[in-house]
Amino acid sequence: MTVKAAVPVIEAAALTIDYQTDRGSVRAVEDVSLTVGEGERLVLLGRSGCGKSTILKSIAGFVKPHSGAIRIRGREVRGPGPDRIVVFQEFDQLLPWKTVRQNVEFPLRIARDLPGEQIRARAEAALRRVGLARAMDAYPHTLSGGMKQRAAIARALVTDADILLMDEPFAALDALTRRQLQEDLLRLAEEIGFTLLFVTHSIEEAILIGTRLHLLSAHPGRTVASFDTSGFGWDDLASPAFERVAKEVHQILFAPDREHADTPTKEPARD
Ligand SMILES: Nc1ncnc2c1ncn2[C@@H]1O[C@H](COP(=O)(O)OP(=O)(O)OP(=O)(O)O)[C@@H](O)[C@H]1O
């Protein structure tokens with residue numbers, strides 16, 4: 001009997017991405033390959049400017065690679081699609097003239113021919129899921145940063161997209177709110193089972209959120225290492241194993257003369 005290998009949900013193969021500027025072409029990403037399986041949470045980690053957002057935007061379909069291929073469930077990406085949805089760091093992702101509820105309903109109204117009642121019910125369910133039941137009729141400018149990010153997540157959850165691309169979604173939040181949203185995201189990931197590509201600067205956040213880390217070198221980003229972090233949860237935060245991985249990741253990312261590197265794959269180190 002032959003066992004058919006599962007097609008990855010996200011696959012980037014030998015991705016090289018350039019930006020054209022007034023002063024010529026700037027290489028942002030070089031020869032990066034990665035795969036994300038069904039329900040996996042892959043975190044891109046690397047120094048500022050190494051190309052994390054660029055990779056995420058190219059997988060979203062907003063930025064065309066110079067070379068290499070991006071496939072979603074085996075199909076080449078040629079632009080944005082209803083299977084993927086992006087949540088950014090900025091708090092101004094919501095349309096200011098619409099209420100929270102209308103913002104969350106918006107993608108359904110433009111993309112789907114659903115009856116109004118269903119749209120309303122789905123939006124309300126998504127807003128409850130992220131803890132915004134009582135702010136449905138508020139306007140974005142009256143919300144805290146955390147509430148705005150919750151609304152942006154609800155807007156992602158309400159669609160049929162099962163691939164979430166999150167670009168530092170919690171970076172601008174205070175520590176307590178950030179922790180709460182991290183917990184909520186993991187709970188939603190368990191409940192819904194979406195596939196996640198997540199960009200962050202925080203090593204701790206990466207280990208907590210990710211089932212796998214993909215480390216990039218400084219500009220232009222190349223793959224330098226990959227870590228399996230699927231074994232870590234909240235209870236491991238202060239454990240020696242967690243701290244060991246965090247230290248190792250830090251050393252790899254901030255090694256002074258880190259240039260080209262091999263791509264070691266680390267198994268989770270447990271005590
Ligand atoms: N629109 C653009 N035009 C030209 N260069 C760009 C553009 N966007 C990004 N770059 C350059 O591409 C490189 C990668 O940028 P990118 O934003 O992807 O990095 P990043 O790792 O997400 O950074 P950060 O962690 O600071 O958000 C940087 O050198 C950046 O200056």
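A residue counts as buried when 20 or more other C-beta atoms lie within 10 Å of its own, and as exposed when 12 or fewer do. By that criterion, the buried residues of helix 3 are Ala123, Ala126 and Leu127, and they cover an arc of only 100° around the axis, which puts them on the same side of the helix. The structure is a predicted model, and the predictor gives the complex an ipTM of 0.97 together with a pTM of 0.89.

**Confidence**

- Averaged over the chain, the pLDDT is 89, and 92% of the residues score at least 70.
- Confidence in the chain is highest in strand 3, residues 41–45, with a mean of 97, whereas strand 11, residues 265–266, has the lowest, with a mean of 58.

**Surroundings of the ligand**

- The ligand is surrounded by 14 residues, of which the closest are Tyr19, Ala28, Ser48, Ser53 and Thr54.
- Sorted by class, this shell has nine polar residues, four nonpolar residues and one charged residue.
- At least two residues of the shell are supplied by each of three elements, namely strand 1 (10–21), strand 2 (24–36) and helix 1 (52–60).
- Helix 1 provides the largest share of the shell, with three residues.

**Strand pairing around strand 1**

- Strand 1 and strand 2, which both contribute to the shell around the ligand, run antiparallel and are joined by nine bridges.
- These two strands form a hairpin, with two residues between them.
- Tyr19, which is among the residues closest to the ligand, has Val26 as its bridge partner in strand 2.
- Strand 1 also pairs with strand 4, residues 67–72, in the antiparallel sense and over five bridges.
- In that pairing with strand 4, the bridge partner of Ile10 is Ile72.
- As a general point, the side chains of a regular strand alternate between the two faces of the sheet.

**Geometry and faces of helix 3**

- Helix 3 comprises 14 residues, 116–129, which at 1.5 Å a residue should span 20 Å, and this agrees with the end C-alpha atoms being 20 Å apart.
- The exposed residues Glu117, Gln118 and Ala121 are carried by the face of helix 3 that is turned away from its buried side, while the buried residues are Ala123, Ala126 and Leu127.

How values were computed
Residues are numbered from 1 along each chain as its sequence is written. This is a predicted model: local features need pLDDT of at least 70, side-chain atom pairs count only at pLDDT 80 or more; totals for chains, interfaces and linings use all residues. pLDDT is the predictor's confidence in each residue, from 0 to 100. Helices (H or I, at least four residues) and strands (E, at least two) are DSSP runs, numbered from the N terminus. A residue is near a molecule or strand if its C-beta atom, placed from the backbone, lies within 6 Å of it. Ala, Val, Leu, Ile, Met, Phe, Trp, Tyr, Cys and Pro count as nonpolar, Asp, Glu, Lys and Arg as charged, and the others, Gly among them, as polar. Two strands pair if DSSP finds at least two bridges between them. The expected span of a helix is 1.5 Å times one less than its number of residues. The arc is that of the directions from the helix axis to the C-beta atoms.
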